[in-house]
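Have a look at the model below before we chat about it.

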Amino acid sequence: MQRTRLYETHVAMGGRMVDFAGWELPVQYPTGPSVEHQAVRTAAGLFDIDHMGQFELTGPDADAYLQHIQVHDVDQMEPWDAHYSLLLYADGTIVDDIFLYRLPDRWFIAVNAGNRAKDFAWMQAHTTGFDVELTDVSEETYMMALQGPKAEMILQRLTDADLDAVATRTALRAEVAGVPALLGRTGYTGEDGFELYLPADDAVEVWKRILDAGKDDGLLPCGLAARDSLRFEACMPLYGHEIDATINPVEARLGWAVGWNTDFIGRDAAFKVKLEKSKRLLIGFEMVDKGVPREHYEIAGDGEIIGYVTTGMKSPTLGKFLGMGYVPRAYIKIGTPIDIMVRGKPRRAKVVKRPFYKPRYK
Amino acid sequence: MSDFKLDANAKYAKTHEWVRMEDGVAVVGISDAAQDMMSDVVFVELPEVGSQVSAGDQVAVVESVKAAEDVNAPVSGEIVEVNSDLEDEPEQVNTDPYGAWFFKVKPGGDLDAELAALMSPEEYDAFVDEEGH
């Protein structure tokens with residue numbers, strides 16, 4: 001099991017350490033996931049996400065190569081732009097979801113922890129014919145996220161850069177607490193905020209300085225449980241749950257992330273699904289009966305098993321029991337009654353609009 | 001010694017229920033260690049009043065942000081009352097584990113033997129320590 005440089009810090013702060021994708025990370029602090037979740041929605045939360053992988057891409061063919069291996073139209077990106085994207089297999093299913101940053105002299109790519117080795121091998125294997133250099137910089141790059149409506153105010157106390165001028169989904173280089181960092185106005189919580197990429201050796205110091213800077217504003221360190229409930233309310237997919245190597249972007253309702261007019265691996269297969277209309281689609285649902293929907297529970301419609309739950313929980317912000325799952329197209333209309341098989345018993349639910357929580361970006 | 005709170009008047013099951021005899025009725029809830037392991041409780045499913053239960057039967061469910069866990073009857077008998085407040089405020093299980101009772105059982109089996117099979121507060125504390133919680 002791997003440990004981040006903040007391991008001792010988490011333990012000292014009472015973090016409850018669990019295994020996540022081979023990393024020992026805090027699932028929660030003593031405050032508990034509900035309070036941490038609320039802190040991010042109303043003030044700010046700080047997340048250690050160093051388990052995530054980071055790659056750098058350089059070379060004269062970098063743009064052409066990137067256009068070939070991921071779905072977003074990179075010509076639409078100016079220097080310092082950041083964008084969500086996907087890597088697809090030739091059959092249109094999903095290798096991983098990623099975040100792209102176009103820097104003036106290189107591309108910077110953030111990938112999921114559990115997929116880091118797989119992604120790198122897959123991307124490396126597709127460099128043939130392109131003059132590019134792909135480097136895994138995960139070890140020396142530390143990643144943390146400061147999220148919430150007060151994130152800008154708190155971070156501004158530690159940097160001379162004008163954060164107010166940084167638009168959502170753009171990045172800049174700046175010193176934070178005296179440490180050179182790449183700051184993206186990005187995140188995965190449905191709130192405004194920043195993701196910080198900094199030298200791994202400075203991680204402990206920067207973590208402490210940020211927490212100190214926000215201690216009077218309700219900033220809390222947050223664990224994996226809050227990270228999951230936050231992204232869930234905003235209906236952001238998580239690899240291994242809503243998306244994986246059996247799901248294509250149309251089914252996962254990620255068509256918006258795809259530059260259909262570009263040519264990339266998996267494009268034709270995914271486009272075919274788009275044209276033919278996918279048989280199953282990701283829905284959001286709300287429990288009508290009492291019960292907690294959970295991942296892998298079966299979904300029934302008209303007495304038959306028709307699908308499965310990908311994520312479900314009591315939404316901390318909305319107080320409702322909500323879930324996402326895959327069902328056939330005949331069951332996707334808002335208001336459609338479905339049953340969630342909660343510990344073997346059908347519990348009534350209805351299809352509702354996604355996202356459950358509308359992201360509040362700046 | 002574990003860091004968890006104990007009710008000195010209760011006995012404890014290995015599945016982390018506590019039972020407290022009050023006026024001849026067994027009052028049942030889950031321990032401080034159990035609620036801490038589960039993290040934030042979001043849902044409680046209670047048994048039907050009037051149902052007959054045997055010691056060890058799964059009769060209620062407690063669900064947290066992490067998982068769904070069974071709550072077993074530590075003693076046999078009839079369910080005579082349930083704490084429906086928990087349906088609206090399941091978080092009471094976290095904030096007041098020894099006040100937030102789930103159900104009451106009017107004993108109908110060999111109560112003395114069933115209670116004797118449970119752990120004292122000291123034994124349960126050592127048990128929790130040993131389990132590494």
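Here come a few questions and answers about the two chains.

Guide: This is a predicted model, where local features need pLDDT of at least 70, side-chain atom pairs count only at pLDDT 80 or more, and totals for chains, interfaces and linings use all residues. Residues are numbered from 1 along each chain as its sequence is written, chains are lettered from A and ligands numbered from 1 in the order written, and side-chain values use heavy atoms, leaving out hydrogens and water.

Visitor: What is the mean pLDDT of chain B?
Guide: pLDDT is the predictor's confidence in each residue, from 0 to 100. In chain B, 98% of the residues reach 70 or more. The mean for chain B is 95.

Visitor: How many salt bridges are there between chain B and chain A?
Guide: A salt bridge is a side-chain nitrogen of Lys or Arg within 4 Å of a carboxyl oxygen of Asp or Glu. Arg347(A) and Glu45(B) form one, with their closest N and O atoms 3.6 Å apart. Between chain B and chain A, the count is six.

Visitor: How much area do chain B and chain A bury between them?
Guide: Contact means heavy atoms within 4.5 Å, and 15 residues of chain B are in contact with 14 residues of chain A. Buried area is the accessible area (1.4 Å probe) that two parts lose on being put together, summed over both. Carbon and sulfur atoms hold 42% of it, and the total is about 1200 Å².

Visitor: What ipTM does the predictor give the complex?
Guide: The predictor gives the complex two scores. The pTM is 0.94, and the ipTM is 0.85.
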